[in-house]
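Try each task yourself before you look at the solution.

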Amino acid sequence: MKIDKQRLGNLQKAFNVIAIGTLSGLAVYALFLYLNIAIFGWNLGLIFAPLAAGYVETILARRFIGEDIGAISAFILFLVTVAYGFIINNPTLGYNIITVGSIVIIIQAAIPTFINYFGIVVVVGTLSYLTGFFKKITDRLVHHIRKLMNKPENKIIDTIALFSETESNHLLNSQNFIYITSTDPKDLDYDILGFFYVTKMVERNNHLINLTPEKVEKEHLYDLKQAKDECLIRLADKIKESGGNGIVDLDILYFLNGIGGSEFQIVARGMGIKIKEVHLTF
Amino acid sequence: MILTSANTLENKRIKEYKGLVTGESLIGANIYKDLFSGVRDVVGGRTSRYEEEIKKARDIALESMKEKAKQLNANAIIGLKISYDNLGGTMGNTILITAYGTAVLYEEHEN
């Protein structure tokens with residue numbers, strides 16, 4: 001109860017202090033208006049009235065309550081001066097975009113975090129998300145810089161490399177070589193030649209400007225598929241060199257590598273085998 | 001089409017090894033937009049949205065693989081492996097899903 005009473009008392013004191021602060025701010029503003037202290041028709045009371053209010057309030061609060069209460073009267077004064085100086089009595093600017101800008105700047109000075117967050121994150125973020133504005137700007141910038149540097153633009157722009165699944169698979173399975181992913185094909189009679197391993201790095205394609213994320217992904221997928229085919233064919237060649245004609249326990253692995261994930265690594269590995277007597281029908 | 005990760009087919013004889021079949025798919029870019037529409041993602045209750053996307057991508061990979069097996073006149077895929085790899089992208093949301101196995105032609109045992 002005691003604490004509550006003390007709190008209540010402090011609250012009342014705080015109200016009084018804020019009221020006094022506000023009044024002194026208003027008095028200062030009135031003084032500035034009366035004496036017409038202005039630069040380019042811009043009354044300096046807009047700055048000094050909130051400052052005076054906050055100053056008076058802080059000093060009184062420290063004296064009577066013992067702590068700061070956040071210069072609330074300064075905010076009130078900010079709102080009052082903006083409302084009076086720009087909206088009710090607008091002597092210099094008239095009503096235009098400059099007025100709006102000035103109001104925003106002044107309020108921004110009063111409550112910077114909120115206004116900045118609202119202005120930059122919420123408004124600009126929503127607009128750029130809806131219109132893709134910044135992406136367009138950066139795309140154009142890249143375009144112009146490239147033009148200035150006389151660099152021919154990459155030809156992949158807005159096209160997708162062709163990759164035929166059917167052709168790829170036909171190619172893989174028509175080399176007089178058999179890929180087997182299982183570990184121990186009991187139906188085959190074979191000799192083991194050893195462990196074989198092929199790896200390939202694919203650089204992430206960073207030249208895909210003017211493309212939607214979906215298209216970029218498609219392009220990456222094609223790159224990966226082609227790299228996988230290359231790996232498998234090289235693996236088959238290696239085993240053939242060792243006199244084999246097949247592979248068991250084949251694994252195809254994909255990794256993200258390089259600085260900041262700038263490269264993909266593809267690994268094909270398995271046990272090279274030589275199938276003894278089998279009718280390989282390809 | 002029988003899909004199995006094992007080496008053999010139970011009670012069936014593998015008549016012919018047809019070769020490697022693979023399927024790949026990639027997800028990521030569209031996931032963000034879809035996630036935005038799902039308020040459930042924010043309020044909790046582990047959404048199935050992401051899982052659905054992954055399932056869709058896995059189906060694409062598997063279908064592509066099965067299609068190739070059909071072209072090889074196979075009726076089963078053995079030694080099937082499916083893997084999910086993170087390929088970075090925006091906040092690591094690009095996921096590559098690969099499926100590969102050995103296409104075979106089997107016949108039922110005579111006994």
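**Exercise 1. Contacts along chain A**

Take the contacts in chain A between residues at least 6 apart in sequence, and find what percentage join residues at least 24 apart.

Solution. Keep in mind that this is a predicted model. Start with the contacts in chain A whose residues are at least 6 apart in sequence; 73% of these join residues at least 24 apart. Next, look at burial: of the 282 residues in chain A, 25% are buried.

**Exercise 2. The elements of chain A**

How many helices and strands are there in chain A, and what pattern do they follow along the sequence?

Solution. Count the elements first: chain A has 8 helices and 6 strands. Then read along the sequence, and the pattern is α-β-β-α-α-α-α-α-α-β-β-α-β-β.

**Exercise 3. Two helices side by side**

Work out how H7(A) and H8(A) are oriented to each other.

Solution. Step one: locate helix H7 at residues 165–172 and helix H8 at residues 213–241 of chain A. Step two: they pack at an angle of about 10 degrees, and their axes are 10 Å apart. Step three: angles under 35 degrees count as roughly parallel, so H7(A) and H8(A) are roughly parallel to each other. Step four: find who meets whom. Ser168(A), Leu171(A) and Leu172(A) from H7(A) meet Lys225(A), Asp229(A) and Leu232(A) from H8(A). By class, the residues of this contact are 3 nonpolar, 1 polar and 2 charged.

**Exercise 4. Where the chains touch**

Describe the side of chain B that touches chain A.

Solution. Chain B gives 30 residues to the contact and chain A gives 28. On the side of chain B, E2(B) supplies the largest share, 8 residues. Sorted by class, that side has 11 nonpolar, 14 polar and 5 charged residues.

Notes:
Residues numbered from 1 in each chain as written. Chains lettered and ligands numbered in written order. Predicted model: local features only at pLDDT ≥ 70, side-chain atom pairs only at ≥ 80, totals over all residues. Axes fitted to C-alpha atoms, helices over the stretch in contact; angles between N-to-C directions. Helix = DSSP H or I, 4+ residues; strand = E, 2+ residues; numbered from the N terminus. Parallel < 35°, antiparallel > 145°, perpendicular 65-115°, else oblique. Contact = placed C-beta atoms within 7 Å. Nonpolar A, V, L, I, M, F, W, Y, C, P; charged D, E, K, R; others polar. Buried ≥ 20, exposed ≤ 12 C-beta atoms within 10 Å, placed from the backbone.
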